[in-house]
Amino acid sequence: MTVEDVDVVVIGLGPGGEAIAARLARAGLSVVGVDARLVGGECPYYACIPTKMMIRAADALAEARRANELAGSVQIKPDWAPVAARVRHDATDNWNDQVAVDRLLASGARFERGWGKITGADEVTVSTSDGDKVFRVRKGVVLNPGTDPAIPPIDGLTDTPLWTNREAVATETVPSSLIVLGGGPVGCEFAQVFSRFGASVTLVQSGPRLLPNDEPESSDLLREVFEREGIRVVTGSRATKVEYDGTNFHLQVGDETLTAEQLLVATGRTTDLSALGVKAAGIPDDGRVINVDERMRAADKVWAIGDIVGKGAFTHMSMYHADIAAADILGEDGPQAQYHAVPHATFTDPEVASVGLTQAEAEKQGINVRVGLTKLPDSSRGYIHKLGNDGLIKLVEDADRGVLVGASAVGPGAGEILGALLVAVHAQVPTSTLKGMILAYPTFHRAIGSALAEL
Ligand SMILES: Cc1cc2nc3c(=O)[nH]c(=O)nc-3n(C[C@H](O)[C@H](O)[C@H](O)COP(=O)(O)OP(=O)(O)OC[C@H]3O[C@@H](n4cnc5c(N)ncnc54)[C@H](O)[C@@H]3O)c2cc1C
Ligand SMILES: NC(=O)c1ccc[n+]([C@@H]2O[C@H](COP(=O)([O-])OP(=O)(O)OC[C@H]3O[C@@H](n4cnc5c(N)ncnc54)[C@H](O)[C@@H]3O)[C@@H](O)[C@H]2O)c1
């Protein structure tokens, strides 16, 4: 066992962990980055990037099919091979992180592949294939452990060859039929991809609607589009038993037995704080998140960033946290974390994007809420676009202050439309100022003007 003194150890190198390790090393600190798996974390290898490549391909198929009605005769034969090849070779380098490791080393940081654990005050032990290495930290520890797919306690489930997002991104073939458990962003994005590539898809969501963190109008519209495309959506139901007969999965859902060649579990994420040893730093290890202050401090000389702090499981959040924690560690007068304008986009077609509070969240906070809603097919651009124009814009205004506290955009490129709404919510631009904007004709974002007029 080796013992070494360093300035900072970063446990977990997700997007934020990788960024902060490199930034602190470039600033001249001695930094050890630790990851048990791949440098970069979930996003580049199992999540954002490969899934968005799959979505890009599925969207291309959908547009080609729409061309039949809009532009002539198109014959399209879906082929998963280019998608699988792109994920394997372009996105993940065959799930090899050498490029990311080299990038980290080039910043001046060290890398240890192994499991990191806080084992005492100012002490981290990394279990590597060469044995345990102990690091005593002068400045502190940054925790960026992310999350793992949660497997719900359903009778028989763990005995089956189920997919999580990690297996789904690596598939070389499209199953003929697929059951997706979970109607959050992961379940919805995968359900549409595999359906558009020919799988017969049933999505089972325990809650009453898809994407429960978004506006109910967004959920309803997505469900309508999914059902129109042939995806079966079962809400308010849970699987109680799962069997695999060597060929098919059989799920007991209420009175019905659902059968499919493949099962994808997308029922949320989990983490194990005790395996991280946080108790040794005085942090409770029986919860799902690590509580931090506005500078990402979790305890004396311990910072936590990314999914684990429970402020939104998004790559942009992990990177945002990394900047704040880095400034604090370097003694810089950086900004404090604020969460009034957190954006997200689910890349289904239509995309479902939002920022800030939903109407229900704003009402729960006692805000005097005024709502403006417009449907994209009613806009000039929606009319022109025709097929695939499903969408809406919903604005949530604090009527007393005259500013938007939340906004949603659903539609083609809704994640991009959201940019304008993000500025409005983030900078608390008065609604009266927004109403004076000249919005280019005929864009989708021009519908923001119609929604403002409804306030
Ligand atoms: C299918 C899917 C699609 C997604 N799409 C998007 C998207 O489009 N946009 C978006 O913003 N977000 C998306 N997300 C969420 C996004 O992937 C995460 O928010 C993002 O990866 C940030 O996570 P993180 O920084 O907390 O850590 P992670 O990316 O989870 O990385 C944590 C790292 O820590 C390592 N680790 C954990 N514990 C230890 C330990 N004790 N010792 C050593 N190493 C350890 C793990 O091996 C891992 O490499 C998606 C998620 C999924 C599942
Ligand atoms: N585009 C993006 O930004 C993007 C894409 C994918 C994931 N993510 C992030 O990754 C995280 C994980 O996403 P997720 O979709 O896995 O989790 P989630 O927690 O957002 O959604 C899981 C859904 O599964 C349902 N569920 C739970 N148990 C169930 C059961 N037994 N049967 C059926 N349904 C069940 C829940 O009602 C919930 O709506 C999210 O926090 C999300 O922010 C982001």
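1. In an unreviewed entry, UniProt annotates residues 342–450 as "domain: Pyridine nucleotide-disulphide oxidoreductase dimerisation". UniProt positions follow the numbering used here, feature names are shortened, and annotations may be inferred rather than shown by experiment.

2. Some ground rules before going further. This is a predicted model, in which local features need pLDDT of at least 70 and side-chain atom pairs count only at pLDDT 80 or more, while totals for chains, interfaces and linings use all residues. Residues are numbered from 1 along each chain as its sequence is written, chains are lettered from A and ligands numbered from 1 in the order in which they are written, and side-chain values use heavy atoms, leaving out hydrogens and water.

3. The other annotated span is residues 7–320, listed by UniProt (unreviewed entry) as "domain: FAD/NAD(P)-binding". Its end C-alpha atoms lie 22 Å apart, and the span is 31% helix and 27% strand.

4. Next, ligand 1. There are 37 residues around ligand 1, and D35, K52, G116, D307 and S318 come nearest; a residue counts as near if one of its heavy atoms lies within 4 Å. The shell draws at least two residues from each of β2 (31–35), α2 (42–46), α3, β3 (110–120) and α9 (315–329). By class, the shell has 17 nonpolar, 14 polar and 6 charged residues. Here Ala, Val, Leu, Ile, Met, Phe, Trp, Tyr, Cys and Pro count as nonpolar, Asp, Glu, Lys and Arg as charged, and the others, Gly among them, as polar.

5. Please look at the backbone around ligand 1 too. Oxygen atoms of ligand 1 lie 2.9 Å from a backbone N or O atom of E42, 3.1 Å from one of F314 and 2.9 Å from one of T315. The protein buries 92% of the 1,000 Å² that ligand 1 exposes when taken alone. These areas come from the Shrake-Rupley method with a 1.4 Å probe, and a polar contact to a ligand is a pair of N or O atoms within 3.5 Å.

6. Ligand 2 has 24 residues around it, the closest being V186, E189, Q205, S206 and A345. α7, β8 (200–205) and β17 (343–346) each give at least two residues to this shell, and α7 has the largest share, with 3 residues. By class, the shell divides into 11 nonpolar, 9 polar and 4 charged residues.

7. Which atoms does ligand 2 face in P185, S206 and R238? An oxygen atom of ligand 2 is 3.3 Å from a polar backbone atom of P185, and a nitrogen atom is 3.1 Å from a polar backbone atom of S206. For R238, a side-chain N or O atom lies 3.5 Å from a nitrogen atom of ligand 2. Of the 840 Å² of accessible area that ligand 2 has on its own, the protein covers 78%.

8. On a 1 Å grid over the protein atoms alone, a cavity is a set of points where a 1.4 Å probe fits but cannot get out, a pocket is an open set with protein on both sides within 12 Å along at least five of seven lines, and lining residues have an atom within 4 Å of a point. The largest cavity is lined by I55, A58, D59, E189, Q192, V193, F347 and T348, and α3 (48–70) and α7 (185–196) each supply at least two of its lining residues.

9. The second largest pocket has 13 lining residues, with A62, R66, R196, R228 and E229 nearest its centre. α3 gives the most to this lining, with 3 residues. By class, the lining has 4 nonpolar, 2 polar and 7 charged residues.

10. Finally, some backbone geometry to check. The D349 to P350 peptide bond is cis, with omega about 5°, and P350 sits in the loop between β17 and β18 (351–356). Another cis bond runs from Y441 to P442, with omega near -10°.

Definitions and conventions:
Helix = DSSP H or I, 4+ residues; strand = E, 2+ residues; numbered from the N terminus. Polar contact = N/O pair within 3.5 Å; in protein donor to acceptor, adjacent residues only side chain to side chain.
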